[in-house]
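Subject: Handover of a structure and notes on its contents

Dear colleague,

Please find below the structure that I am handing over to you. My notes on it follow directly after.

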Amino acid sequence: MSDTHVIKLAKYKRVPGLLKLTKERFIFTPNDQKSGVKLNVEFKIVKGHKFTKEGNKQQPMLNLMQDQGGNYIFEFECFADRDACREFVAKAIALYANEQLSSTEVERRIELLQENSELQTLHKQFVSGGILTDDEFWAARKKLLDQNDSRRPKQQLALKNETWSVRQSNIVTLNLPALPPEIIHQIFAEKPAVCEAYLKFVPHKMSNKEFWNKYSRAQYLHSTRNIIAAAAEAAEDEELAVFLKRDDMLANEARRKIRRVDPTVDIEADEGDDYTHLPDHGLVRDETKDVLDSQYEPYRRSFSQDLNQHSAVVLQGRVVDVELSDARSVAQALARKKQAELSNDKTNTKLETELSNRISRSAEIEDLQGPQDPAVAPLSIKDPRDYFDSQQANALKALDDTCSATKPLISSASAQQAYDSLRNIIFDINEVGLNEPIMNQEVALKVLGGFTQSISSTKFRIGNSPNDSILDTLPKVTKEELLHHWTSVQELLKHFWSSYPLTTKYPNNKVTRLKDAMSQVYPKLQGMKESVESDFRHQVSLLVHPMVQALDAAFAHYDADVQLQRDLLRVERNAMGSVIFSGHSFC
Amino acid sequence: MKFQIEDVTVYFPYDNIYPEQYSYMLELKRALDAKGHCLLEMPTGTGKTIALLSLITSYVLAKPSNPVKLLYCTRTVHEMEKTLAELRFLHGYQVKELGPSAGILALGLSSRKNLCVNPRVVSAENRDSVDAACRKLTASWVRAVAIENPDIPKCDFFESYEKAASDAVLPPGVYTLQDLRAFGKQKGWCPYFLARRMVQFANVVVYSYQYLLDPKVAGIISKEMQRETVVVFDEAHNIDNVCIEALSVNVRTQTLDGASRNLSRMSQEIERLKATDAGRLRAEYNRLVDGLAQRGDLLSGDTWLANPALPDDILKEAVPGNIRRAEHFLSVLRRFVQYLKGRLQTESVEKEGPVTFVASINSQVGIDQKMLKFCYDRLHSLMLTLEITDTDEFLHIQTICDLATLVGTYTRGFSIIIEPFDERMPHIPDPVLQLCCHDASLAIKPVFERFQSVVITSGTLSPIDVYPRLLNFNPVVSRSFTISLTRDCICPMVLTRGSDQLPVSTKYDLRSDPGVEKNYGKLLLEMASVVPDGIVCFFVSYSYMDGIVNSWHESGILKEIMKHKLVFIETHDVVETTLALDNYRRACDSGRGAVFFSVARGKVAEGIDFDRHYGRLVIMFGIPFQYTLSRILLARLEYLRETFQIKEGDFLTFDALRQAAQCVGRVIRSKADYGMMIFADKRYSRHDKRSKLPSWILSHLRDAHMNLSTDMAVHIAREFLRKMAQPYDKSGAMGKRTLLSQEDLEKMVNGVEEMVF
């Protein structure tokens, strides 16, 4: 038996033959070449495996289950053969299971690594270095990965809520000021047909200026609301007609969007239900409709339509991030965006459930319901530490006004005194009972204030204030090296401690790997200590000390655990209850 | 919570209940006990729907021996979805409390357009083309041919539904249209036919008014409902108009031309059939001799809209001999169309009753009343015989037969009005023949007769005594509830003057006054800068709205408004309006804030809620009177005066004010919600107009708020919004409980009993 493949005698569908397992696939060749039950299957499609228990008078069998149902059952000559195959299959499947990470997950991981250089070095060091597997590395960072879903989209720039209109005088003289790029963006976003026309016409058919002149002319014609004149002019000028006609792209888009509309506002659905909407049914509407020849119909466009489209675009915000210098690039970016939306739509299946959830939520009447836990929205604070620091400063300021900041609050008291005082308080409570409120507000406030102050003063003494921080006094190289060691030691320790208790083989292996890696940290730390200049050596060793201590603790635990395992074995041999001891080792 | 109402344990899915919900349930319960009809007005924002659903489902649970079915009629599909969502919430609670024995089957029913899942069929433009596209794939003769010829397309969903036969059932639960579609897709069954069949097994069916009121539809969809069914018409303030619409037909030149084309195509088909399969025509003839009652042997997919007249005796009668043969029938129709064409060529307006009309048909083209009466059924029998699947092409001739049957059936309550042109545009010839129904009770009569309990309910049924007269029925319970508010969370105002102290109105002489338009614009602008989130504006008509919005645009007011909020507007195009509404809601959700311009009597006013932040302020610009010069309206008014002794002016004011109340009444959803309503017209300050508003609005309209100018209104709005932002005690002050817990309720019930004994 080798690592790369296993070959055993087995029967498939009662046909004896040879089963060959490699890392990618399993191949069954029957002894009798004519029998035709050949198999050549990739492990990729195997979902899991089952096997018979030894000693139940059952044949040694192995069942490989396929992804889409269906399975392969092999019968072996003896259990030893079967077990060899089983282990190999388990490994092979596990390999594929890992590979079957969704592509979004992988993308997210790569993104995270790119965003965070520290993470990247760690990843490089441990995963590429073979100390941790990729999964182990990420398993400790589930939270980071999970943020993906709740991550908010980046804030978008808004569009101005202003409609652009052409002045008549400008049209007549054809002397238009150049349109500001922002307005161009807005026009393109509101009128996809204009955007498309721009890409089609400019610069092959006409210049940028000509295009906008023509567009303005069309806008002017619309504003006169003389549909017949507009149609006449459009008949002569093919390009102008594009602007004057109804925007078919918008209509298509509307048809697409209507499917995603909240059903509780869907008036369109009534049209399909209501028999009175049929022509000739019911009473003639009071509303007058201006009758128009069908040839003019495509030129009819109302101000309301434009208004709705405008507001919808403003609501959507600026969808493209490109620099708004050039009309062409804006047009292209918008066109790409549309394309992307279209393909997104087809894949979006969550929408329906989302909609129905929304309806059922809105169906409930809030104030009839019993008291509910207040909904807690997560604060979206970029860096909690920054926020905390800034809040401290505020608190400190407030504190300065009320009481002197220098007055020490903590007095020294002996253990006996403290015990007596506590006992007295308890006696008091026994006699009098608790008073309401339990805590004296003033005292609480004072303690809290003192606490806040002490934290902030600590910060100012040794925190990241540039004057005081020890780290900052060190040369940059040393500082970075130190920080790097810190993070890597932390990473190792995190994995080390999370592997305990060692119940199965797998964490055992992992711990061995980690132990080796940790033992290599010692000489590195030592080397660093020695390499720094003597001025800083003391400070560096002070900083390194806790790292060494933490590592020492880990090793001590490891040794104790190994010792315990040994004891355990011995105890087991003596047929004693092992539960108590293993319980110990877990503590 | 659960509590007792007399002998029924009511399961209510919330921890608290409003006192008016409790009394609403009590009245409803008594109506059910009395097996009679009832009329209940309760303001919006008091959880009417959930109270109604809770009581009726609990009533059924309490009396398992008498399984009452609930037919819940909504006016629109989106209301249907909302109702089903509430029902699902309630059902979830009842199952949790009672276990699976409380399980019910509830479903919404709509047309193929809204239920079809076959992508090829549902992509068709409108309802009729979807119907036709479906028939092309599922009609029995198409499927019969398809068995021999596999190239003929079939609908896989329908085929597998047919194959599953009686196994195709919906498991208990609450199904919205979307759920039905999802279920159909998952199982591969046609949701439309499945839903149609499940209607007879369902405990609760939610569908549109038309399915009961329009006899053309009611005949097929609702014929199997038993007498014990409880029928609910929700948001029924317009029910008389729906009834009238259901029995009205109009005919234009295009209709007649289309009908002629239909007729020639049908005669070609007959010729073809005579040559190939004359037996089929003979079979039809024999069937007609036996009477229409025996046409039940048609397959499920082929059922047609039944007779619009509906009286039972017509089904038992045989079709008159002279239209039994297909050719004869076609020639009758041809003569009828010709007659109508002649009538449309009139120079002046003509108005007559059905009896004169029928007499004139008989004398001129020799078609008697009985033949007219059977036209509708005879046509559909013929279309089935001819195996016509593209039914959407034949709408015109169907309209003509509709008209024929209606004039042949009813002798009163209708008039025929022929107008050669629109009154407002006399230079454009646009002849139209309108058969208009004046009597709302005709369409709803079968419903009252067939079902033992019919509940008519809405937020605005004021004055409540008008409805029994209009619909001609005797309710056992007729009550109007007021709303008990914890705090003054609605703030109605009457604005009579603009910022320049000049009166504002949409009265005809002031309507296009630029000063009024400017004052209205200023009002909206000021409000947009003060009120957060959503503002809804209602105008009296589309044309008025278009005009005023354009003038605001030109004068720059619109631009100013847009500095504060996004602007969306209702248009004739429903798709666009739907998207605008969706965007409006999104703008309110995101805090951007928006204004929605809409039309009273329009589709948005009909049933879209502007509750919570979706509507903090509603402005009603003007009084939405109907176009009083319309001949149809005049004819109806005349009929109302003669038959019910309702004065014209009274009816017009009643009608306008119920529309106005309907527009503004949708701002609040619960007592925790708040909103303002501005009636911007000087005529609202007059007592005769104002007093027609529902009492729950009037009771919150303070004397000081009845004659305001823009600046005063803005000041009040500021104050109101500030007050509403304060925390308050939800359960109400002592003595005036506005929110009851289970404990309160038990105490109250016991207290009542003590008083009784």
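Helices, as the word is used here, are DSSP runs of H or I with at least four residues, numbered from the N terminus. Please also bear in mind that this is a predicted model.

Is Arg109(A) buried or exposed? Its relative accessible area is 8%, and because the cut-off for buried is under 20%, Arg109(A) counts as buried. Trp138(A) is 29 residues away from Arg109(A) in sequence, and their C-alpha atoms are 8.3 Å apart in space.

Chain A as a whole

Chain A contains 25 helices and 7 strands. It has 587 residues, of which 34% count as buried. Of the contacts in chain A with a separation of 6 or more, 58% are between residues 24 or more positions apart. The chain exposes about 37300 Å², and carbon and sulfur atoms supply 53% of that area.

A second residue of chain A that I examined is Val521(A), which lies in helix H23 (residues 521–531). Val521(A) counts as buried, at 8% relative accessibility. Apart from neighbours within four places in sequence, it is in contact with Val489(A), Leu492(A) and Leu551(A). Asp83(A) is 438 residues from Val521(A) along the chain, and 40 Å separates their C-alpha atoms.

Nonpolar cores

Which residues have the most contacts inside the largest nonpolar core? They are Phe3(B), Phe233(B), Ile239(B) and Ile456(B), in a core of 178 residues. Helix H17 of chain B, residues 326–344, gives the most to this core, with 10 residues. A second, separate core has 98 residues, including Leu523(B), Trp552(B), Val618(B) and Ile623(B).

Val230(B) lies in strand S9 of chain B, residues 230–233. Its relative accessibility is 3%, so it counts as buried. Not counting residues up to four places away in sequence, Val230(B) touches Leu32(B), Ile56(B), Val68(B), Lys69(B), Leu70(B), Leu71(B), Ser453(B) and Val455(B). Val204(B) is 26 residues from Val230(B) in sequence and 9.6 Å from it in space, C-alpha to C-alpha.

Thr710(B) is found in helix H32 of chain B, which spans residues 710–724. With a relative accessible area of 1%, Thr710(B) is buried. Among the residues that it touches, leaving out those up to four places away in sequence, are Leu495(B), Arg497(B), Leu523(B) and Glu526(B). Glu526(B) is 184 residues from Thr710(B) along the chain, yet their C-alpha atoms are separated by 8.2 Å. Leu523(B), which Thr710(B) touches, is also one of the residues of the second core.

Backbone angles

Most residues other than glycine have a negative phi. Against that background, Lys35(B) has a positive phi of about 50° although it is not a glycine. Where does Lys35(B) lie? It is in the loop between helix H1 (19–33) and strand S4 (38–41) of chain B. Lys35(B) is partly exposed, with a relative accessible area of 47%.

Asp533(B) also has a positive phi, near 55°, and is a residue other than glycine. Its position is the loop between helix H23 (514–530) and strand S17 (534–539) of chain B. Asp533(B) is partly exposed, at a relative accessible area of 22%.

Cavities

How many cavities of 30 Å³ or more does the structure hold? There are 5 of them. The second largest cavity has a volume of about 80 Å³. Its lining consists of 13 residues, and those nearest its centre are Cys116(B), Asn118(B), Cys134(B), Cys155(B) and Cys190(B). Helix H6 (127–138), helix H8 (156–164) and helix H10 (191–198) of chain B are the elements that give two or more residues to this lining. The largest share, 3 residues, comes from H6(B). By class, the lining of this cavity has 11 nonpolar residues, 2 polar residues and no charged ones.

With kind regards

Notes. Residues are numbered from 1 along each chain as its sequence is written. Chains are lettered from A and ligands numbered from 1 in the order in which they are written. This is a predicted model: local features need pLDDT of at least 70, side-chain atom pairs count only at pLDDT 80 or more; totals for chains, interfaces and linings use all residues. Side-chain values use heavy atoms; hydrogens and water are left out. Buried means under 20% relative accessible area, exposed over 50%, partly exposed in between (1.4 Å probe, protein chains only). Contact means heavy atoms within 4.5 Å. Accessible areas come from the Shrake-Rupley method with a 1.4 Å probe; for residues, only the protein chains shown count as cover. A nonpolar core is a set of buried Ala, Val, Leu, Ile, Met, Phe, Trp, Tyr and Cys residues joined through side-chain atoms within 4.5 Å. On a 1 Å grid over the protein atoms alone, a cavity is a set of points where a 1.4 Å probe fits but cannot get out, and a pocket is an open set with protein on both sides within 12 Å along at least five of seven lines; lining residues have an atom within 4 Å of a point. Grid points are joined across faces, edges and corners, and a volume is the space filled by probe spheres set on the points. Ala, Val, Leu, Ile, Met, Phe, Trp, Tyr, Cys and Pro count as nonpolar, Asp, Glu, Lys and Arg as charged, and the others, Gly among them, as polar.
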